[in-house]
Amino acid sequence: MKKIVVIGAGYVGLVTAVCFASAGHNVVVVERNESRVVALQLGQVPFYEPGLDSLLRLALGSGNIYFTSDISEALSTEPEVVFCCVGTPSQKDGAVDMTDVWAVVVEVARNARGRMLFVQKSTVPVGTCKKTEELFASIFKTCAYAFDFDVASNPEFLREGCAINDFMKPDRVVFGVKSEWAKKVLIELYEPFVQNKETQLFAMNYESSELTKYVSNTMLASRISFMNQIALLADVVGADISAVEKGVGSDTRIGKHFLRAGIGYGGSCFKKDIQGLMHLGRVHGVDMSFAECVEEINENQVSAFLSRIYAYYDSMLSSRRCGVLGVAFKPETDDIRSSPAVALMNALVDKVQSMIVYDPVALPSLKLSYPQLRVDFANSVKEVLKSCDFLIICTEWAAFVGLTPSDLLLVSDKVVFDGRNIFDPHEMAAAGIMYYPVGRKSVAPRKIAAIVNDRQLEH
Ligand code: NAD
Ligand code: UGA
């Protein structure tokens, strides 16, 4: 069993630390946010990630994990492996903000003892491992302690919402290494998590490993953007994007994943990593226009969705109460970073009479990040359905997928705009619901004025 230090207790760092601790390793986690350290030491996970809290408590119980904000304390244990898992956000020009990464590298170099493998797990531009090596070497020359280091790239591919499963049963693990020792250490660490080390553990050079991460995220996002663009065409020509998705995705060469059209991708990484790839292209004078298109299509997705709402309600929008189901960028997380739902709410909130919103776990994140947003917070799905004139679905939480036509009939205008294509348009039409999915045949649009007329006639 190895002594491991993990720096950064966010989504990636905490999952990495807890999973290695569960495998029996001795893990010390360094997190600069002291209140987070206190909470974690008590077994409290600061964000919603299914299964992580119980695994953390087991690891704490076994004594295999310990949290601190003091990097020198952590490194005084002379760990064999140090993982860097800090944030790498985008700067205004799309370049990656490496402030936290370089701060970690310097701190580690100043406090390291013995022989250590420094593993870069954060998503970082190509060239980072090489620069890290150079930086270590220059600090090493002036260092009072003896330490010997090796560097590796080991990008993380976990998804939020199923992070434990993704880490414990990865499709593949990628290492960028120079030495046989680094390769051996990483194989020893990851071998228990894969079924076949020959086909699932890939050692390559630093640059290939760093680039693999950016290409993976851009490739996944490109599939979504392509289908979102095709959905616009499907709308016009009368095709059903869900049927096209099945027809295309059943080709094993193409595969069925990441083809779902909707209001666009969100989350902390796709956008920033595509920007990172584009920036890398600019730095090296290589055209990255494909990546640019992927992002452009996504940027347009929420406004394309909103334009249907504007077209439907016209001048009556300002008298309608809008219900929103889903704030998180995807189900099973409370993460709202770059969530299309948030972009949609911000754009729509001043155009409607009022807005009521529900999400099973992400409402506290919304309140915290957007305290000024003029929305009512509901305690349940039903509360939204009962009190709104029209409904928008932004996240495909299971609780929303399970709604029946009779639940949706509670919506006063009986109008549903579905940004995640979770219902059957025929079932909706049969129930008398005006249902507007993305890229699927809708029931014939009826202007709100006609509905209001009907109501007046009824009375
Ligand atoms: P995060 O923002 O959730 O967590 C980063 C943590 O590092 C924070 O808690 C922060 O306080 C801490 N930190 C920063 N500097 C520190 C320092 N010097 N010492 C100690 N702690 C420090 O970020 P994340 O979502 O876990 O992402 C981390 C990296 O992994 C990013 O590069 C991201 O692109 C990549 N990644 C993220 C995901 C994901 O699903 N979130 C998946 C794969 C890869
Ligand atoms: C994504 C990648 O899937 C991970 O492999 C990667 O490690 C991670 O980014 C990262 O680098 O941070 P994540 O952002 O957690 O993971 O979520 P995804 O499941 O990839 O979904 C991203 C977005 O795409 C969501 O908004 C989701 O709703 C949307 N999506 C996904 C679609 O619109 N259609 C699809 O078919 C699939």
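Me: At what angle do the axes of helix α5 and helix α6 cross?

Reply: This is a predicted model. Helix α5 covers residues 99-111 and helix α6 covers residues 128-141. Their axes come within 10 Å, and the crossing angle is roughly 35°.

Me: Which residues of α6 make the contact with α5?

Reply: The crossing of these two helices is right-handed. From α5, the contact uses W102, V105, V106, V108, A109 and R110. The residues of the contact divide into 8 nonpolar, 2 polar and 2 charged. On the α6 side, the contributors are T128, K131, T132, L135, F136 and I139.

Me: Is α1 parallel, perpendicular or oblique to α3?

Reply: The axes of helix α1 (residues 11-22) and helix α3 (residues 52-62) come within 9 Å and cross at roughly 50°. Because an angle of 65 to 115 degrees is needed for roughly perpendicular and one under 35 degrees for roughly parallel, the relation of α1 to α3 is oblique.

Me: How many charged residues are in the contact of α1 with α3?

Reply: The crossing of α1 and α3 is left-handed. L14, V15, V18, A21 and S22 of α1 meet L52, L55, L56 and A59 of α3. These residues divide into 8 nonpolar and 1 polar, and the number of charged ones is none.

Me: What distance does helix α10 reach from its first C-alpha to its last?

Reply: Helix α10 spans residues 206-237, which is 32 residues. At 1.5 Å a residue, 46 Å is expected. The model comes close to that, with a reach of 47 Å.

Terms used: Residues are numbered from 1 along each chain as its sequence is written. Chains are lettered from A and ligands numbered from 1 in the order in which they are written. This is a predicted model: local features need pLDDT of at least 70, side-chain atom pairs count only at pLDDT 80 or more; totals for chains, interfaces and linings use all residues. Side-chain values use heavy atoms; hydrogens and water are left out. Axes are lines fitted to C-alpha atoms, for helices over the stretch in contact, and angles run from 0 to 180 degrees between N-to-C directions. Helices (H or I, at least four residues) and strands (E, at least two) are DSSP runs, numbered from the N terminus. A crossing is left-handed if the near helix is turned anticlockwise from the far one by less than a right angle, and right-handed if clockwise. Contact means heavy atoms within 4.5 Å. Ala, Val, Leu, Ile, Met, Phe, Trp, Tyr, Cys and Pro count as nonpolar, Asp, Glu, Lys and Arg as charged, and the others, Gly among them, as polar. Angles under 35 degrees count as roughly parallel, over 145 as roughly antiparallel, 65 to 115 as roughly perpendicular and the rest as oblique. The expected span of a helix is 1.5 Å times one less than its number of residues.
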